[in-house]
Amino acid sequence: MALALALAISGVGLAHSQDLAQDLATRANQTAFGGRIGVPLKQGDFVYLSAGSTVTAWDYRNPEAPRLAGDTRRQPLAGVISSIASRGRYLYAGWRRQDGTSGLAIYSLLDPARPRLIDGGTLRKNAAAEDISAIAIDGDFLYAFDNARGLVVHSLADPLYPRAIRVVESGPADVVGISGGRIFTSARTMIDDTLLQVFDNSRKNLPKRVTSANLDGFENFRLQFAWPLAVGFGLSVNLYYLPPWGGPPLLWGSAGPDEALFNGFVAGDKAYGFGASGVSVWSLRVPVRRVGRADFANAFAAETTTVHGQLGWVATTTDQLALFDTGKAASPRLASVVDTPGGADVRDAALIDRSLVLLQNGYGLSAADDADLTPTGRFDADLPKAKQARAFEDMAVDGRRAYLAAWGYGLIIADLSNPSAPRELGRLPAEFSSAIAGKGRQVYLGTATNGGSVTSVDVSNPARPVVRNAVAVDTRVERLQLAGRFLFAATAADSAGGPPGGLRIFDVGNPSQIREVGRYSDDCEFASDLALSDDARTVHLRCSTGLHILDVSQPSRPVRLGFYAAGGGDRAIALGSGSVFVAADGNVEEVDVRNPRQPTSLNRYQLPAQANRLRVMPGRRLFVFTGTGGLQIIKL
C-alpha cells in the first residue's frame with residue numbers, strides 16, 4: 001500500500017510556474033497579515049516565522065534589538081502554513097486548506113531578508129486526501145508528515161522540484177526534530193493523548209519508525225526534544241530517554257511544577273517551562289528539580305519554541321516573539337521581545353485617525369499603522385492568564401471608545417483617545433459574552449453559550465457600567481447590530497430540535513425593558529451574521545442556506561425580498577456599495593444586490609481559511625478575518 005501511495009504522489013507532482021502565475025493573478029490585490037504561528041526557524045542571522053499564509057523574516061544580527069526585515073504579505077499562500085524548513089538558498093512551507101487541499105511551497109532566500117515565493121506548491125488532485133501537518137529536512141531529503149498518508153519522503157536532488165519517492169507508515173506529527181540519525185515527532189491525538197514517534201533515519205531515503213508511544217496528554221501537553229532525551233511539559237515536567245534501538249520511551253524522572261506548563265524548550269542540561277507565573281527552569285540531571293525562574297508576562301501564551309545553542313525563541317498567541325539567553329546562569333535572561341504584525345487570532349478592526357485598532361482574541365487590542373500594519377501599541381487586558389478566561393470575541397467602537405466582549409469575562413471598556421495607547425476605562429463581569437453592539441449611553445451584550453441572552457448595559461459612566469435589563473433568548477445570539485431604537489440579532493438554534501434561529505428584532509427604546517417585536521426564521525435555522533442598510537430598512541442575513549435579503553421597514557413583520565444560495569461553513573457578511581460580501585466555502589463572494597429580488601454574483605476571492613468576519617474599510621478595502629489564516633486585505 002505504501003508503494004502504491006508513493007507512486008500516486010509521484011504521478012501527482014507539484015504545481016509549478018504556470019499554476020503559481022495563475023494563482024497569484026487571482027490574488028494580485030490581496031495582502032495578508034498574521035494568523036496561526038509556526039515554529040521559529042533560525043538560519044544564519046535571521047529567524048523565519050510563519051504566520052497564517054505568510055512567512056516573516058526577522059533580523060537578529062543584534063539579538064537585543066531584532067527588526068522585521070521582510071515578509072511575504074503580498075504573496076499569501078492558498079492555505080495556512082503548518083510548518084517550514086530550509087536548505088541552503090530555499091525555504092519550504094507545508095500548508096493546507098479546510099477543503100482538503102494541501103501543498104508544499106518554495107521560497108527563494110537569495111536575499112535572506114526578503115523571502116520570495118517561487119512556487120505555490122499546490123498538489124494536484126487525486127483520490128487520496130492531502131493534509132501536510134509538518135515538514136523537516138535532512139541532507140537531500142524532505143520529510144512531509146501527511147495526516148492522511150503517513151511520512152512522505154521527497155528527494156531534493158533538484159531543490160526546485162521536490163520529488164516524492166516513498167511513503168512510510170506514520171501517525172500525526174506537529175513538532176518535528178532531527179538529530180543523531182533520528183527523526184522525532186510529537187502531536188496531540190483525537191483522544192487528547194500526546195503521540196511520540198522516533199524514526200531511524202540512518203538511511204535518509206528510507207526512514208523506519210522504531211518508537212511509537214501514546215503518552216498522557218495532561219502530563220505531557222507538549223513534548224520537546226534534545227536527542228536522546230524528550231521532555232514533556234504539562235501538569236508535570238517529565239524526562240524521557242529514547243533508546244537508540246527503539247521501543248517505548250523510558251521515564252527517567254518527573255517533577256511537579258505547581259502549575260500547568262503550556263510549552264517549553266530544552267537547552268543544554270536544563271528545561272525551560274512556560275506557565276501562568278512565568279518561566280520555570282528545571283535540571284535534567286536525575287532527580288528532575290526546579291533550579292530557577294524568570295519573569296515573562298505572556299509565558300502562558302507560549303505556542304511554539306525553538307533552540308539554537310544557548311538561545312531559545314518563543315512565539316506566543318499574544319503576538320510576541322521573545323528571545324531568551326540561557327547562558328550559564330540558573331535563570332534565563334530575556335534578551336528581547338518584539339510584537340509581531342497582524343495578530344495570531346485577530347477578530348475585528350476599526351480605523352481611528354490613521355491608526356488601525358485590532359481586536360485580538362488572546363489579550364485585547366493592538367494598534368497598527370494603517371498603511372503597513374506595523375505595530376504601534378497594544379492593550380493587554382488585566383485578566384487571568386488562561387486562554388479560556390479571555391477570548392475576546394467581538395468589538396463595538398463608538399467615537400473614541402471601544403467596547404470589548406470577552407467570552408471568559410464580560411465587558412471591557414477601552415479609551416481610544418490615543419489609539420496607539422488604548423487604556424481601560426471600566427469593566428463589567430458578564431461571562432460568555434460573544435456579541436456586542438452599542439452607541440451613546442447603552443451597550444448590548446449577546447451570549448451563545450449555555451443558552452442565549454441579550455443584556456443592556458448603561459455606560460454613561462464607563463468606570464461603573466450598570467446592567468439595566470437582561471432577557472433570556474431561546475436561540476444563540478451570534479451577532480448584534482443597533483439602529484435607533486431597534487436591536488437586530490442574528491441567532492442560531494441552541495440545540496437539535498430546539499427553536500430555529502434566524503433574525504430577531506428587539507425594541508430597546510427603553511433599555512430597562514427589552515422587548516422582542518419581530519422574528520424571521522424561514523429556511524434559516526442557523527444565522528451567523530447580518531449587515532444592515534444605512535437607512536435601516538433592509539437586513540442582509542447570513543444563514544446556513546445562503547444570503548437572505550429582508551425588508552425590515554416594519555420591524556414587527558420582516559419580509560424576504562430575495563435570496564442568494566451560498567455554501568455553509570463560513571459565517572460572515574459585510575455590506576459594500578450596491579453589493580454584499582458573503583463568506584462561503586473558504587472564499588468570499590461579492591454579490592450585486594442593487595436589485596434585491598435578483599442578487600447576482602460579481603466576484604470571488606480565495607481565502608486560506610474560513611472567514612469569521614468581514615469588514616468593509618475606508619480606502620476601498622475589504623478586511624477578511626480568517627482566524628488561523630490571519631487577516632486578508634482585499635483591494636476592491
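Two strands pair if DSSP finds at least two bridges between them. Strands here are DSSP runs of E with at least two residues, numbered from the N terminus.

**Ground rules**

I am working on a predicted model, where local features need pLDDT of at least 70 and side-chain atom pairs count only at pLDDT 80 or more, while totals for chains, interfaces and linings use all residues. Residues are numbered from 1 along each chain as its sequence is written, and side-chain values use heavy atoms, with hydrogens and water left out.

**Entry 1: an open sheet**

I looked up W282 and found that its bridge partner in β25 is R290. Strand β24 (residues 278-283) pairs with β25 in the antiparallel sense, over 5 bridges. I then followed the sheet, an open one of 4 strands in the order β22-β23-β24-β25, with antiparallel pairing.

**Entry 2: salt bridges**

Side chains of opposite charge can pair when their charged atoms come close. My rule was a side-chain nitrogen of Lys or Arg within 4 Å of a carboxyl oxygen of Asp or Glu. The count by this rule is 43 salt bridges.

I picked R504 and D474, whose closest N and O atoms are 2.5 Å apart. R504 sits in strand β44 (residues 502-507) and D474 in the loop between β41 (466-473) and β42 (475-483), so this pair ties together parts 30 residues apart in sequence. Are the two partners buried or exposed? For this I used relative accessible area: buried is under 20%, exposed over 50%, and partly exposed in between (1.4 Å probe, protein chains only). R504 is buried at 5%, whereas D474 is partly exposed at 37%.

Next I checked D507, which is buried at 6%. Its side chain meets R485 in a salt bridge of 2.9 Å, N to O. That pair links distant parts of the chain, 22 residues apart, with R485 in the loop between β42 and β43 (486-493) and D507 in strand β44. D507 also meets R515, at 3.2 Å, N to O. R485 is partly exposed at 45%, and R515 is partly exposed at 47%.

I also noted a network of salt bridges that links D348, D394, R613 and R615.

**Entry 3: two pockets**

I searched a 1 Å grid over the protein atoms alone for pockets (open sets of points where a 1.4 Å probe fits, with protein on both sides within 12 Å along at least five of seven lines; lining residues have an atom within 4 Å of a point). A volume is the space filled by probe spheres set on the points, which are joined across faces, edges and corners.

The largest pocket has a volume of about 1300 Å³. Its lining has 41 residues, and V39, V175, V176, G177 and T305 are the closest to its centre. Which strand gives the largest share of this lining? It is β26, with 6 residues.

The second largest pocket has a volume of about 1100 Å³. It is lined by 41 residues, with V397, L480, Q481, L482 and R615 nearest its centre. Among the strands that supply at least two lining residues each are β42 and β54 (613-617).
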